[in-house]
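Keep the 3D view open as you read.

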Amino acid sequence: MFEILRKSFSTGIVTTAYPKSLPDISSHARGRPEIDWTDWKDARPAAAICPTGAIACKDSNGERTATLDLGKCIFCGLCADVDKAIHMTNICECASRSRHDLITSARYSLKSDGAHERMLGGPSAERPAIGAGFEAVGQQIKARASKLLGRSLHIREVDAGSCNGCEIEIVGLTSPVYDLERFGIHFVASPRHADMLLVTGPVTRNMELALKKTYDAMPEPRLVVAVGACGCSGGIFGTNYATVGSVDAVVPVDIYIPGCPPNPHALLHGILLAMGRIR
């Protein structure tokens, strides 16, 4: 935690004060989109404008299946601009143990013009945000790492081909504002010293072998966290001549952290969720 130095003008004595906790996430922070599934009139405009295909719809026999995939979503807000049933939230703690859990869908009957008539099958219940502040989550990680590993948590970060947006947020975790090391979480240079592999970006074909070797060099128990939309699904790059796509196409993934990029709160939530995978 960063320090605040105060000097008394009467005595000349310098004292140090520590803020009690970090402020909550700003209401202006861009989080996941939220859809009013019951009152959704037509999924086509949002699906057409979505740059990554995170919102998609498929018609068959007079019915439509509309899908929101947070693993592809870059939280750009374009869907909310064209559809009143969608609004952007500041909920960023969306990490999931399963790629499938990031996908929500609903079925609708259709009118003659292709708009939604009524909802036939609702989406599964959305997971609530973790609710705890950064400090509380960090302390939980510290306790779990001590209990499960008998020591602090060591992370090896691999940029497999990102734009460096996720790296900026990861570096932010080590800044004086968040000071991740006070929770016993350390970034290490060697995978042989690491408990967790934090992977960003769509995996480029030039980094595919390097990522596999890094994973193989880690001792058991080892955890893999895919960071950002690119790490979860390939993002706007997808699979092409230069990229393999998502991280799980190369190494097994334990936790997916959506976002473009996920902020420090989302990253810490994902790390906490990953700790629950160790038995």
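## Starting at Val-224

Let's begin with Val-224. Leaving aside neighbours within four places in sequence, this residue is in contact with Leu-197, Val-199, Tyr-215, Val-247, Val-251, Pro-252, Val-253, Asp-254 and Ile-255. Please bear in mind that you are looking at a predicted model.

Val-224 belongs to the largest nonpolar core, which has 40 residues. Val-224 is among the residues with the most contacts inside this core, along with Trp-40, Ile-55, Leu-197, Leu-211 and Val-247. Several elements give two or more residues to the core: α1 (44-49), β5 (63-69), β7 (103-110), β11, α5 and β13.

## The parallel sheet and its helices

Now to the strands. Five of them form an open sheet with parallel pairing, in the order β10-β9-β11-β13-β15. At the edges sit β10 (185-187) and β15 (255-257), each of which pairs on one side only. On average, neighbouring strands of this sheet are turned by 25 degrees against each other, direction ignored.

Within the sheet, β11 (residues 196-200) pairs with β13 (residues 223-227) in the parallel sense, over 5 bridges. Here you can find Val-224 again: in β13, it stands opposite Leu-197. Helix α5 (residues 208-217) packs on the sheet and touches β9 (153-159), β11 and β13, and its direction makes about 165 degrees with that of β11. Helix α7 (residues 264-275) packs on the sheet as well, touching β9, β10, β11, β13 and β15; its direction makes about 170 degrees with that of β15.

## A look at Gly-62

Gly-62 is found elsewhere, in the loop between β4 (55-60) and β5. Is this glycine buried, exposed or partly exposed? It counts as partly exposed, because its relative accessibility is 47%, and the exposed class takes in values over 50%.

Not counting residues up to four places away in sequence, Gly-62 touches Tyr-108, Ser-109 and Leu-110. The C-alpha atoms of Gly-62 and Ser-109 are separated by 6.2 Å, although the two residues are 47 residues apart along the chain.

## The whole protein

Stepping back, the secondary structure comes to 7 helices and 15 strands. Of the 279 residues in the protein, 48% are buried. Among contacts between residues at least 6 apart in sequence, 73% join residues at least 24 apart. The accessible surface comes to about 13800 Å², and 52% of it belongs to carbon and sulfur atoms.

Definitions and conventions: Residues numbered from 1 in each chain as written. Predicted model: local features only at pLDDT ≥ 70, side-chain atom pairs only at ≥ 80, totals over all residues. Heavy atoms only, no water. Pairing = 2+ DSSP bridges. Helix = DSSP H or I, 4+ residues; strand = E, 2+ residues; numbered from the N terminus. Axes fitted to C-alpha atoms, helices over the stretch in contact; angles between N-to-C directions. Contact = heavy atoms within 4.5 Å. Core = buried A, V, L, I, M, F, W, Y, C linked by side-chain atoms within 4.5 Å. Buried < 20%, exposed > 50% of the residue type's maximum accessible area, 1.4 Å probe, protein only. Areas by Shrake-Rupley, 256 points an atom, 1.4 Å probe, with all protein chains shown as cover.
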